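Hi,

Here is the structure for you to look through. My notes on the sheet and its helices follow.

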Amino acid sequence: MTKHDLRIKTRDGVAKAGLFRSAKTSPGKAGVILYQDAFGPRPALDGMAERLAGEGYAVLVPDLFHRNAPYGPFDAKTAFTEEDSKAALMALVAGTTQQMTISDGEAFLDALAGEGITGPIGTVGYCMGGARALNAAAAYPDRIRAAASFHGGNLASDAADSPHRKAASIKARVYVGMAGVDRSFPPEQSTRLEEALRNAEVDHAIENYVGMAHGWCVPDHSVYNEAGAERHWRRLITLFAETLG
């Protein structure tokens, strides 16, 4: 397994990113963009990217907070319970709009192409990255074939940049894995997202992970659940095998 550190030029500056490949990754192979949760790129996400790369994909993990670098690092187990780190995190999240990440998406896709990854592209996002993975699919429908969100928040909110409003632009297959109880994605939003995707004739599945809390997939999170995480891996690997192969 190799990690290559990239510096990607975006419209608003330079974003650091890690590109992960394994011996299975051949030229022209499919790529995946992994959109971070609120704690930013770190070893836990690197490990997740390595696991995906082991399936034969080139996996890009960009820093969505690059406009405010340097920052952190944050401990995912305690960052939201300590007032100083919570305030810093909330400022980073609030200061990184969906439109900023959508704009960065073109540079991320071009960076993969520049590294010889010219096959189909998938996206996956966790927490704040979930909505961004779906919005990327809507913004770049001819380049992204699969998009997944796990414990993503505000996927069908009242905001103008809510992903459900862009369902008609999505050509990718969509998978949404939601926590059993999640204030950032309550049942009414799940219903709204389902209706939007169905009306737009998007190939999709929305699955409720009963008993899982927001953040259950990420190994350094305080609510990480191994059984639930392994279930998420099975769903994600199947999605990409069926769409990016």
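Two points on the source. This is a predicted model: local features need pLDDT of at least 70, side-chain atom pairs count only at pLDDT 80 or more, and totals for chains, interfaces and linings use all residues. Residues are numbered from 1 along each chain as its sequence is written, and side-chain values use heavy atoms, without hydrogens or water.

Helices (H or I, at least four residues) and strands (E, at least two) are DSSP runs, numbered from the N terminus.

The helix pair: helix 1 and helix 6 (residues 226-244) pack at about 45°, axes 11 Å apart. Axes are lines fitted to C-alpha atoms, for helices over the stretch in contact; angles run from 0 to 180 degrees between N-to-C directions. Met48, Arg51 and Leu52 of helix 1 meet Glu230, His232, Trp233, Leu236 and Phe240 of helix 6 (contact: heavy atoms within 4.5 Å).

The sheet: eight strands, open, mixed pairing, order 1-2-4-3-5-6-7-8. Strands pair if DSSP finds at least two bridges between them. Strand 1 (2-10) and strand 8 (204-213) are at the edges with a single partner each, so one side of each has no neighbour in the sheet. Twist averages 20° from one strand to the next.

Helix 1 (residues 43-53) also packs on the sheet, at about 50° to strand 2. Helix 4 (residues 128-139) runs at about 155° to strand 5.

Best wishes
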